[in-house]
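Keep the structure open while you read.

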Amino acid sequence: MSGRPEHQAPPEIFYGEDEARKYSRNTRMMEIQLTMSERAVELLCLPENQPCHLIDLGCGSGLSGETLTEQGHVWTGVDISSAMLGVAKEREVEGDLLLGDLGQGLPFRAGAFDGAISISALQWLCNADQRSHNPAKRLYIFFSSLYSCLSRGSRAIFQFYPENSSQVELITSQAMKAGFTGGLVVDYPNSTKAKKFFLCLMTGGQQPLPAALGVDSREDAPNHVAFSQKRDRVKQLRSGKAPKKSRDWILEKKERRRRQGKETRDDSKFTGRKRPSHVW
Amino acid sequence: MKLLTHNILTSKCLKGVTVGYPLGIVAKEVKVNEVDFNPEFISRMIQKVDWPALCKAAENLGHTDELPSTVVDDYENNEEFLKKAHHFLMEIEVMNGDLICPETGRKFPVTDGIPNMLANEDEV
């Protein structure tokens, strides 16, 4: 594990031709992106059955944009990696694409969009990729230009991977400074795998935050837990042997040793008995 | 880049630019696509669209199909008008060319349908 991608290189270099291709072919990645995009659109709380004009911030290869198209919306995507946008073009996404740096501000007219989503992109803005970069200033320029190009009453939903709480603090303070209200919604807060952060920003004045998923402990985190259980079951069947250290395994091992002609204690009712745990 | 997108694009992120709208278009390649017509969406977009800028853009592209020079009254129910608006906003795509800032003359190249809005460090 090489650590967080944004510590390795600026996004336009990290997402070069090879990585862009890999990213868009990994089915597990695509599934996760799809789920997060659908959740982001849900959090947008758009009027029902109305096609809207949306912007996808850090649209990459268009995975999230496709969800927008599927739900009947017209969207424009902005990304800093031309390789990723190239993949989006190949996949023939419906949205118009722009090559741009979010930290330089969004070059749109006031009130142009009915809403904004951003999937797995915001954390990239928190790093200074060039000596002249000041992350706080870039975040402010980004949020204030976003605030102006959103129509009044609309929202911006950011799914992102915060590195630590001071990063969350930096982001939210610049967003508030730019005029947004809102806050952080954390889905499945008790699951390391399923936990997802959604920054929900609103332009229409203070409103209640939408409810997070999986906060009621009875509700299982989807996908991830089930997936790892399935994997273990399959492993067991395939090898045909008993799981390690169980009584059956011990008896099999002793049989193996006898076949090899090694000196082995006779089996008894005590073989593989559960020993009392150490009490010192 | 569709004309709907061009209609909302500005160069105001550049230093020294006050309005930066509308951007001029010098197109080397234009494509016409077929896009599903959604009257409800077009109706709502007409409220946001800067109509004179749309006409100017159509003119720059040399598209002589008649685009009415003003928005008609009661456009929501005028299907013919909505269809024309749809054609210009959603079906005409600039594939290659340049977008030009009206205040500084700075060019933003459009390649393969994607405008490059990246500014240099000294321009922001």
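Predicted model: local features only at pLDDT ≥ 70, side-chain atom pairs only at ≥ 80, totals over all residues.

The structure holds two cavities of 30 Å³ or more. The second largest pocket has a volume of about 460 Å³. Helix 6 and helix 7 of chain A pack at an angle of about 45°, while helix 2 and helix 4 of chain B pack at about 80°.

**Cavities**

- Rolling a probe the size of a water molecule over the atoms shows where empty space is left.
- The largest cavity has a volume of about 130 Å³.
- Its lining counts 16 residues. Nearest the centre of the largest cavity lie A:Gln104, A:Gly105, A:Pro107, B:Cys13 and B:Met117.
- Sorted by class, the lining of the largest cavity has ten nonpolar, five polar and one charged residues.
- The second largest cavity has a volume of about 30 Å³.
- Which element gives the largest share of the lining of the second largest cavity? Strand 2 of chain A does, with three residues.
- Strand 2 of chain A and helix 1 of chain B each supply at least two residues of that lining.
- The lining of the second largest cavity splits into three nonpolar, three polar and two charged residues.

**Second largest pocket**

- This pocket is lined by 33 residues. A:Pro11, A:Gly58, A:Asp79, A:Ile80 and A:Trp124 lie nearest its centre.
- Helix 1 (11–14), helix 4 (63–70) and strand 2 (74–79) of chain A are the elements that give two or more residues to the lining of the second largest pocket.
- That lining has 16 nonpolar, eleven polar and six charged residues.

**Helix 6 and helix 7 of chain A**

- Helix 6 spans residues 135–149 and helix 7 spans residues 165–177. Their axes are 8 Å apart, at an angle of about 45°.
- That angle makes helix 6 of chain A oblique to helix 7 of chain A.
- The crossing of helix 6 and helix 7 of chain A is right-handed.
- From helix 6 of chain A, the contact uses A:Ala136, A:Leu139, A:Tyr140 and A:Phe143. These meet A:Leu170, A:Ile171, A:Gln174, A:Ala175 and A:Lys177 in helix 7 of chain A.
- By class, the contact of helix 6 with helix 7 of chain A has seven nonpolar, one polar and one charged residues.

**Helix 2 and helix 5 of chain A**

- Helix 2 (residues 17–25) and helix 5 (residues 82–90) of chain A cross at roughly 45°. Their axes come within 8 Å.
- Helix 2 and helix 5 of chain A are therefore oblique to each other.
- Helix 2 and helix 5 of chain A make a right-handed crossing.
- Helix 2 of chain A brings A:Glu17, A:Ala20, A:Arg21, A:Tyr23 and A:Ser24 to the contact. Helix 5 of chain A brings A:Ala83, A:Met84, A:Val87 and A:Glu90.
- This contact has five nonpolar, one polar and three charged residues.

**Helix 2 and helix 4 of chain B**

- Helix 2 (residues 39–48) and helix 4 (residues 79–91) of chain B have axes 10 Å apart, at an angle of about 80°.
- These two helices of chain B are therefore roughly perpendicular to each other.
- B:Pro39, B:Phe41, B:Ile42, B:Ser43 and B:Ile46 in helix 2 of chain B meet helix 4 of chain B at B:Phe81, B:Leu82, B:Ala85, B:His86 and B:Met90.
- The contact of helix 2 with helix 4 of chain B has eight nonpolar, two polar and no charged residues.

**Backbone geometry**

- Most residues other than glycine have a negative phi, and most peptide bonds are trans.
- Where is A:Tyr188 found? A:Tyr188 sits in the loop between strand 6 (181–187) and strand 7 (196–202) of chain A.
- Phi of A:Tyr188 is near 50°, a positive value in a residue other than glycine.
- B:Tyr21 and B:Pro22 are joined by a cis peptide bond, with omega about -10°.
- B:Pro22 lies in the loop between helix 1 (3–8) and strand 1 (24–32) of chain B.

Technical notes. Residues numbered from 1 in each chain as written. Chains lettered and ligands numbered in written order. Heavy atoms only, no water. 1 Å grid on protein atoms, 1.4 Å probe; cavity = no way out; pocket = protein on both sides within 12 Å on 5 of 7 lines; lining within 4 Å. Points joined across faces, edges and corners; volume = space filled by probe spheres on them. Helix = DSSP H or I, 4+ residues; strand = E, 2+ residues; numbered from the N terminus. Nonpolar A, V, L, I, M, F, W, Y, C, P; charged D, E, K, R; others polar. Axes fitted to C-alpha atoms, helices over the stretch in contact; angles between N-to-C directions. Parallel < 35°, antiparallel > 145°, perpendicular 65-115°, else oblique. Left-handed = near helix turned anticlockwise from the far one by under 90°. Contact = heavy atoms within 4.5 Å.
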